[in-house]
Structure formats: structure tokens, C-alpha cells
Amino acid sequence: MKSLKSHFSLITALFSILITLQLFLSLDRVIGAYEQRLGDNYGIVVVSDNNLSLAFFQSIDSAISAVEPLSPTRMLQQLQQQTGDSQINLMTLNLPHFYRLRMAHFITPDAARALGERLLRDRAITRVETFAQQHDTVYRLLQLFKNVVSVLAAVVLLVTSLLIVKEMRLWQFQHRERMNIMALFGAPVWLRSAVLFRLAIVDAVIASVIATSVFLLVDHYGWMAQLLSLVQLQPTLFQPLHDVPLLTGVAISLSILLASMIVMGHKEEV
């Protein structure tokens with residue numbers, strides 16, 4: 001009964017670590033998808049007296065993926081309706097060209113400002129609007145969210161690791177007599193600690209299977225996908241080919257590492 005309780009405690013601690021790790025990966029994918037959407041919606045407005053092409057802008061920065069000409073016709077029509085001046089449409093003949101630049105990926109506020117400065121160095125461009133202030137606010141919120149998630153994951157990892165060490169010390173105490181007898185007969189350290197390592201690996205595999213099953217169920221029934229669809233995001237939260245080997249490897253590696261620390265810290269009784 002005591003042995004089952006120890007197994008349950010270790011499996012629960014490893015399961016908590018794996019759940020935290022997988023949640024961190026899933027949140028990182030959600031943030032990545034949100035960054036991609038921000039990058040798709042983000043645009044830099046450029047004003048020029050000349051007709052410019054995508055190749056021209058990409059010669060300044062290869063991260064520019066598309067150029068959309070902006071037509072002032074709609075604004076002029078609204079102005080005409082408000083003022084009743086029929087000559088307003090003639091203003092289009094004297095207006096410069098307006099462009100919205102799309103980026104291939106999400107760029108930082110500093111990168112946006114640097115790109116705006118490089119664009120303005122070209123004489124063909126008369127004005128640039130990077131919307132840096134609004135972009136900076138969104139970017140800082142994303143970074144804050146990432147940092148909070150990282151701190152929480154580190155705290156959970158530390159607490160559960162201490163719990164695992166405590167459980168392994170209990171195992172070591174339960175098998176202390178057998179290990180001392182084997183030491184008297186000259187058995188090597190790895191043989192005396194074989195039971196400890198075997199139990200640690202078995203519990204790590206069990207915790208990995210449980211954690212994998214939980215996320216497969218969540219992914220199968222689309223519980224998180226329904227929530228993310230409310231904010232128009234559809235990232236793949238659980239990637240079995242990548243995540244299952246990672247979870248299993250982390251659980252086994254952590255168990256072996258902590259078991260090794262217990263074995264190296266064990267003092268033989270004489």
C-alpha cells in the first residue's frame with residue numbers, strides 16, 4: 001500500500017510537469033499564431049510621388065511580402081457628398097500614390113521604426129506611417145504574457161522536482177537494507193540502485209502515457225479549438241509526432257537525473 005502511494009505521488013508529480021510543459025508549448029503556439037495574424041494585419045503606409053513596385057520595396061527590406069496600392073477615391077467621394085463640390089474628383093490627378101506594405105512575419109516595434117527610417121532615406125518616398133505606438137503596445141502585451149507563462153512554468157517545475165526528490169528519498173529509505181546488503185557483497189552502485197532506476201523509468205512512462213492521453217482527448221473533442229475559434233485562431237495545440245517523444249524523453253530524463261542525484265548522495269552504512 002505504501003509502495004503504491006509512493007508510485008502515485010511520483011506519477012502525479014511527473015504528470016504535473018508534463019502538463020505544464022505541454023501547456024507552455026501550446027501557449028507558445030497560440031502566441032505564435034496570434035503574432036502571425038498580427039503580422040498579416042499589420043501594414044506600413046507609404047506616400048510617394050512615383051509609381052513604385054514590390055521589387056523596389058523589397059530592395060530596401062526583403063521582409064516586405066506585398067504592396068497594396070491605396071485609392072483615395074472613397075475618401076474623396078465622402079468629402080464630395082459632405083461639401084457638394086463636384087470638382088473634388090479632379091484632386092485625384094494631383095494626389096500622390098499611397099501604398100500599404102505587408103510584412104512576411106511579425107516584426108518588433110524597433111524593427112518597424114528602423115524600416116520606416118530606411119524607407120524615408122529614399123527620395124522617392126515622401127512620408128511613412130509605421131503605427132509604431134499601437135504596434136508597440138500590442139508587442140509589449142505579448143511579451144508580458146510570455147514572461148508570465150515562463151515564470152509560472154519554472155515555479156511548477158521547481159516545486160514538482162522537489163516533490164519527486166522527496167519521493168525518491170522515500171524509495172531509497174525503503175530499499176536501504178537491501179542496498180546495504182548488496183554493498184557488503186561488493187555489488188556495484190548501478191546494480192544496487194537498479195530497482196530505483198527501474199521504478200523511476202516505469203513511473204515516467206506511465207505519467208507520459210496519461211499526459212498524452214489527456215491531450216489527445218482534448219485535441220479529439222476540440223475543447224480548446226472551440227475557445228480559440230472565438231478569437232479567430234486555429235493553431236495546432238498538440239502535435240503527436242513532436243510532442244509525444246518530447247514528453248516521454250523529458251519524463252524519463254528527469255527521473256533518471258533525480259534518481260542519479262539520490263544515488264550519488266547516498267552514504268553506505270557500516
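Which kind of contact do the side chains of R118 and D61 meet in? Select both: they form a salt bridge, at 2.4 Å from N to O. A salt bridge here is a side-chain nitrogen of Lys or Arg within 4 Å of a carboxyl oxygen of Asp or Glu. R118 lies in helix α4 (residues 109–121) and D61 in the loop between α2 (54–60) and β2 (64–70), so the pair ties together parts that are 57 residues apart in sequence. Helices (H or I, at least four residues) and strands (E, at least two) are DSSP runs, numbered from the N terminus.

Before going on, note that this is a predicted model, in which local features need pLDDT of at least 70 and side-chain atom pairs count only at pLDDT 80 or more, while totals for chains, interfaces and linings use all residues. Residues are numbered from 1 along each chain as its sequence is written, and side-chain values use heavy atoms, with hydrogens and water left out.

Now colour by accessibility. R118 is partly exposed at 29% relative accessibility, whereas D61 is buried at 16%. Buried means under 20% relative accessible area, exposed over 50%, and partly exposed in between (1.4 Å probe, protein chains only).

Stay in helix α4 and select D110 and R113. They form a salt bridge, with the closest N and O atoms 3.2 Å apart. The two are three residues apart in the helix, so about one helical turn separates them. D110 is exposed, with a relative accessible area of 58%, and R113 is partly exposed at 35%.

Next, select R29 and D243. Their salt bridge has its closest N and O atoms 2.8 Å apart. R29 lies in helix α1 (residues 2–41) and D243 in helix α10, so this pair ties together parts that are 214 residues apart in sequence. Both residues are buried.

Then select E68, R100 and R102, which a network of salt bridges links. The structure holds five salt bridges.

Last, go to S255 in helix α10 (residues 240–264). Is S255 buried or exposed? It is buried, with a relative accessible area of 0%. A polar atom of the S255 side chain lies 2.8 Å from the backbone oxygen of A251. Show the neighbours too: leaving out residues up to four places away in sequence, S255 touches L14, M168, A200 and A204. Touching means contact, with heavy atoms within 4.5 Å.

Methods: A polar contact is a pair of N or O atoms within 3.5 Å; within protein, one must be able to donate a hydrogen and the other to accept it, and residues adjacent in sequence count only if both atoms are side-chain atoms.
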